[in-house]
Amino acid sequence: MGRYNTNCNNCLWPKSADGTVQVAYTLSPNYGAENDNLFMTSMQEYESLTCVRFIKRTEEVNYLNISSSDGCISYAGRIGGAQPVFLVAPGCMARGIIQHELNHALGFLHENSRSDRDNYITVNYENVFPGAKPNFDIQDGTTLDLPYDYSSVMHYGKFAFAINSSQHTIMPIPDPNVSIGQRDGLSVLDVAKINKLYNCNVSSRLLNTPGGSFSSTNHPANYPDNMNDVFLIRTPARQVALTFNDFDLQSSPECTSDYIRIYDGPSRRAPILLNNTCGPAQIPTVIGSTNQMLMEFVSDSAISSKGFSASYNTGKD
């Protein structure tokens, strides 16, 4: 996935008074309902996990003009005006490809162009198409003092721009078997980098493996006051199945004080699967309709309880 070089100053999108970074956009009417929904759910992951908000343009002067043409290409950072983002359908219609180009627009370059990349990968320039070689050059920029991320949505695959499609252009080191170049969606470190670059004040966690477990802070000891945590579960395929192994939240009328709420999708805009729930509840396994599920955990400043522990996996279709 390419991007234009740009030497703009002040390339970050500005932060609003409410602490969010609002990036306006227009979407070509040619995509159709299915692709429109894919854009929506791809953008909503940012809304749940970071302070970035992709909003439909009304009168904003600076915005992303997303259209289905010229491959998968974006400028790096905010350049001003009607900023083109090219995402051709159907070739670029995958969550991770859309998020790759949106990350460029937020100011991110390719992970494999980091200044320290030679410690993690070897580039076989002899197998790269001549016109594509600049895409593999090390770029000026910050690492944000966060680890190199083979699983970043911003990382090229092993055969990117290969002359001989049976030979690698990028080889991970020291372990050549490490997987790189996924386009399933934002990685855990992608989220961390967005939040650090834009100084986001959010408490979020992405759970993007086929199965795993998580719990409230301090569990089984009491959780802290004034929590507002979100957990976004995104399994590789099929449906999310969420099971609570332990559950005890402060009880209150209609669970208005401390509660969990579960959504059937990647954001609070999705349908509610489980409304405000608290107390020492027995909760049956919650099964979503897709591979994305969002759980919100809120606590107030009153007495707390031991919280919850939960596990998730890829359920059946």
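This is a predicted model: local features need pLDDT of at least 70, side-chain atom pairs count only at pLDDT 80 or more; totals for chains, interfaces and linings use all residues.
Two strands are taken to pair if DSSP finds at least two bridges between them. Strand 15 is joined to strand 12 (residues 239-248) in the antiparallel sense over two bridges. Across this pairing, A241 stands opposite I287 in strand 15.

Three disulfides are present in the structure. A disulfide is a covalent bond between the sulfur atoms of two cysteines. In the disulfide of C51 and C200, the sulfur atoms lie 2.0 Å apart, and the link is left-handed, with -55° about the S-S bond. C51 is in the loop between helix 1 (33-49) and strand 3 (52-56), and C200 is in the loop between helix 3 (188-197) and strand 9 (204-207), so the pair ties together parts 149 residues apart in sequence. C51 has a relative accessible area of 3% and is buried; C200 is also buried, at 13%.

C72 is joined to C92 with an S to S distance of 1.9 Å. The torsion about this S-S bond is about -95°, so the disulfide is left-handed. C72 belongs to strand 5 (residues 72-75), whereas C92 lies in the loop between strand 6 (82-87) and helix 2 (95-106); the parts tied together are 20 residues apart in sequence. Both cysteines, C72 and C92, are buried.

The sulfur atoms of C255 and C278 are 2.1 Å apart in a disulfide. Its torsion is about -75°, so this disulfide is left-handed. C255 lies in the loop between strand 12 and strand 13 (259-263), and C278 in the loop between strand 14 (272-277) and strand 15. Both C255 and C278 are buried.

Technical notes:
Residues are numbered from 1 along each chain as its sequence is written. Side-chain values use heavy atoms; hydrogens and water are left out. Helices (H or I, at least four residues) and strands (E, at least two) are DSSP runs, numbered from the N terminus. A disulfide is a pair of cysteine sulfur atoms within 2.5 Å. Buried means under 20% relative accessible area, exposed over 50%, partly exposed in between (1.4 Å probe, protein chains only).
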